[in-house]
Amino acid sequence: MTAYEANFDGLVGPTHNYGGLSFGNVASAKHQAQPSNPKLAAKQGLAKMKALADLGLVQGVLAPQARPDIPTLRRLGFRGSDQQVIAQAAQQAPQILAACSSASSMWTANAATVSPSADTADGKVHFTPANLINKFHRAIEHDVTGRILKATFADDAHFVHHAALPPSEHFGDEGAANHTRFCHEYGEQGVEFFVYGRHAFDDRFPAPSRYPARHTFEASEAVARLHQLDAKHVVYAQQNPAVIDQGVFHNDVIAVGNKNLLFCHELAFLDPQAVYATLSDRMGEGFSIIEVPVDDVPLHDAVSSYLFNSQLLSLPNGETLLVLPQECRENTRVWDYVSYLLAEERGIDQVQFFDLKQSMANGGGPACLRLRVVLTDAELAAVNPHTLMNATLFQQLNTWVDTHYRDRLTDADLADPQLWEESRTALDSLTQIMGLGAIYPFQR
């Protein structure tokens, strides 16, 4: 059966700022309190989406969250009009206001875990929004994320939407940033690869000591059950705790896969040889692994450049494209290794760089910005067409950004009630452009 891997990128929201909210994310902490440029951030993301669509790939757009999150602020005791709620939060608890103003939903690799119909017992595409329980500013996303996904993939003849896992650290779920699907052809049954940071109910296993392991083994198992996956086609692997403690907060910062290729760092997994053997056994002939030696690319260079927070994409002509942030071109050791890979013809045929500095400075590269959804022809036809990137939507969204976004935002600006008015107006307009309906609390 013909199927495609679609990439649905998160549209950067109007309140994009450098709040430094993500403990364990080195780039996020490094750029805390620096001025951001929401307009440029959104345009950088749109440029990547359009470029990939122009290559003949299926490219979609996921809407941002409404920020600041007024309903959450009200649940925390701030009262009055929306403007009064913002003013009280700014005066009494500016850190809470900053968290409720985060535009972190732009990183849709964390939005959900998705299993295609070829893998599920009922033959439907399954979505489970990530609870993101480890970080308050992200833990408040999953309800609206679910609405956005349902508005994008609305046909229940093809799509199944689950609720997020229980909001407990025992079931910490960071979504597709810790999930990869391998296959020989997208329309055939594949092997779903779940990577976790720790065991929540069994302390016999190692865990990081400096930074939190955000994703648990138990969460991965739960999602696999919800999605009705065949256990013979599921592989679980623990991320190396030592690399989590060095800023590798998700697996997609240290490994990326597509079809029958795994591209990863030597230090990515706790027991790499066992992981490779199990994947190779489940995938069978034709499965390839490119393991990058630490001597060629030290962990610091891998993290600072986001070499592995890249996209491995299968082009219509059958070649494999590696999409990298510009930082990889500017890092000598990383660029030397990428050049070597291209020369060796080991499974990566082309490389393309994108300027995503606004996202990179907050700790998210190309892979963070996208959610992968494998779709058959019938399923693709059932997707909300207003969310699929083309020349018309690209122009509409750029005009929308120019109309509604600021080109400079600081921490102090989060207290400006006019920012909320601007954001609400922008998002109300966006739902009309993208045919999403009333997905935001202020529309209800």
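User: Which residues of H7 are buried?
Analyst: In H7, Val144, Thr145, Gly146, Arg147, Ile148, Leu149, Ala151 and Thr152 are buried, where buried stands for under 20% relative accessible area, exposed for over 50% and partly exposed for in between, with a 1.4 Å probe and protein chains only. This is a predicted model, in which local features need pLDDT of at least 70 and side-chain atom pairs count only at pLDDT 80 or more, while totals for chains, interfaces and linings use all residues. Residues are numbered from 1 along each chain as its sequence is written, and side-chain values use heavy atoms, leaving out hydrogens and water.

User: So how enclosed is H7?
Analyst: Helix H7 (residues 142-152) is largely enclosed by the rest of the structure, because 8 of its 11 residues are buried.

User: And what do those buried residues pack against?
Analyst: They pack (heavy atoms within 4.5 Å) against strands S1 (3-10), S2 (59-62), S3 (112-115), S4 (125-129), S5 (159-161) and S15 (370-376); helices (H or I, at least four residues) and strands (E, at least two) are DSSP runs numbered from the N terminus.

User: Switching topic, which residues touch the most others in the largest nonpolar core?
Analyst: Among its 97 residues, they are Phe193, Leu262, Phe269, Leu279, Val373 and Leu430, and helix H2 (residues 38-54) gives the most to this core, with 7 residues. Such a core joins buried Ala, Val, Leu, Ile, Met, Phe, Trp, Tyr and Cys residues through side-chain atoms within 4.5 Å.

User: What is leucine 430 in contact with?
Analyst: Setting aside neighbours within four places in sequence, leucine 430 is in contact with Leu11, Ala63, Pro64, Leu397, Trp400 and Tyr440. Another core, of 18 residues, lies apart from the largest one and includes Val297, Ala302, Leu322 and Val334.
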